[in-house]
Amino acid sequence: MVLIGSHPILGFAVYFYSLGATVILAARKMDQLKSTAKEIELLGGKCDVMQLNIRDANQALEAVNQIVAKHGKLNGLVNNAGGQFHSPASKMTPNGFATVVDLNLMGTFYLCKAAFDGYMGEHGGTIVNIVADCRNGFPGMVHTGAARAGIINMTKTLAIEWGPYNGIRINCVAPGMTISSGMKNYPEKVLDGFIANGWMNPSGRFGTESEMAASVVFLLSPAASYITGVNLPVDGGYSLSRSDAKGPEAMYNPKGSLMRPYIGWPSDEKAAIQEVDAPTGIVKLFEKYKALAVNGINRDSKL
Ligand SMILES: CCCCCCCCCCC/C=C/C(=O)SCCNC(=O)CCNC(=O)[C@H](O)C(C)(C)COP(=O)(O)OP(=O)(O)OC[C@H]1O[C@@H](n2cnc3c(N)ncnc32)[C@H](O)[C@@H]1OP(=O)(O)O
Ligand SMILES: NC(=O)C1=CN([C@@H]2O[C@H](COP(=O)(O)OP(=O)(O)OC[C@H]3O[C@@H](n4cnc5c(N)ncnc54)[C@H](OP(=O)(O)O)[C@@H]3O)[C@@H](O)[C@H]2O)C=CC1
């Protein structure tokens, strides 16, 4: 039984069916949740949906209580809901800052605490918190940088407090720039700039939802049973360098990537991500990735 806060952006709900888990999708818009649930069921997976605003601590606990009452357990939690807006710090209002901290940091804490109080404190479980790359500063997004850094530190504390006595493992995944519906929140012009030459990471490309999903599933699974309190960057190496680098990073291959994208796991066509709801440039990019994921990549391939 795995609760995913948000509709399965970063596409991972489809993967849980192969582990035999029942997936509960929770977010504010029921339409999106229902259509994703249908897809999962068509694949043979078990799925339930519920409406949830993670910014409300009472709703979070109520959601966990409902799941435990209906299904008898809650083994996993993925805190995937999140987001922000772009603004220089000098122009940001206190309420703008607080809103993003409220969504990302407070929302994640509410769900962790609800899972602990409602089930995992007594029975154990595994939690994965989705964050973002905030190893260095996060210009233009001071609120989310602060909130995600808060989640990473909170995760370390909870790993220490909740591991020894409650059997809970808790980790973070920090996606790099990923092809997903979240890209609709950013100006196409900016995204086109990233596509043209802006990824600046050793992989030379965006990440895919499947690449994020596989990492989350790994951390939730018994295969990661000795890992707790870590933040796993899944970013093609982006966090290794300065985000605005133009100097030595010229070593990054400007023509594209030599790292084959991964869009499905296990190697079951049905479980591969087939399409993405994103701006045109990103959708076109994904179509190229699909071909490269299937046919392989070589020195003449261009993304
Ligand atoms: C131009 C350059 C762009 C660079 C883009 C770079 C892209 C890099 C991508 C980095 C990698 C990360 C990717 C992702 O995270 S993908 C996920 C994407 N999804 C989202 O980001 C969701 C975005 N939005 C939201 O979730 C909500 O809008 C949000 C929670 C942010 C706010 O929701 P809410 O309804 O609660 O907010 P209010 O309207 O009530 O406003 C509250 C206060 O916040 C201020 N605000 C809100 N939006 C903006 C804005 N766009 N610009 C400035 N200020 C904003 C608002 O004014 C309120 O404050 P005040 O009361 O003081 O006015
Ligand atoms: N895509 C990328 O490049 C990156 C993404 N990330 C992070 O990964 C996560 C997933 O990203 P992505 O799929 O791209 O984002 P999307 O914007 O597509 O998805 C955000 C999800 O969060 C849900 N959500 C937002 N607010 C709430 C709320 N108050 N309560 C419950 N659910 C909520 C939304 O559903 P609804 O509106 O129905 O509530 C939606 O399902 C996010 O935390 C994002 O910040 C981090 C780094 C890079």
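## Helix H3

In H3, the buried residues are Ala60, Ala63, Val64 and Ile67 (buried: 20 or more other C-beta atoms within 10 Å of the residue's own, placed from the backbone; exposed: 12 or fewer; partly exposed: in between). Seen down the helix axis, the buried residues of H3 fall within an arc of 95 degrees, so they line one face. The arc is taken from the directions from the axis to the C-beta atoms. The face turned away from that side carries exposed Asn58, Ala69 and Lys70.

Just after H3, Gly72 has a positive phi of about 85 degrees.

## Basis of the model

This is a predicted model: local features need pLDDT of at least 70, side-chain atom pairs count only at pLDDT 80 or more, and totals for chains, interfaces and linings use all residues. Residues are numbered from 1 along each chain as its sequence is written, while chains are lettered from A and ligands numbered from 1 in the order written.

## Helices H4 and H5

The axes of H4 (residues 94-123) and H5 (residues 142-166) come within 9 Å and cross at roughly 15 degrees. H4 and H5 are therefore roughly parallel (angles under 35 degrees).

## Whole chain

The protein chain has eight helices and seven strands (DSSP runs: helices H or I, at least four residues; strands E, at least two; numbered from the N terminus). Of its 303 residues, 44% count as buried.

Definitions and conventions: Axes are lines fitted to C-alpha atoms, for helices over the stretch in contact, and angles run from 0 to 180 degrees between N-to-C directions. Angles under 35 degrees count as roughly parallel, over 145 as roughly antiparallel, 65 to 115 as roughly perpendicular and the rest as oblique.
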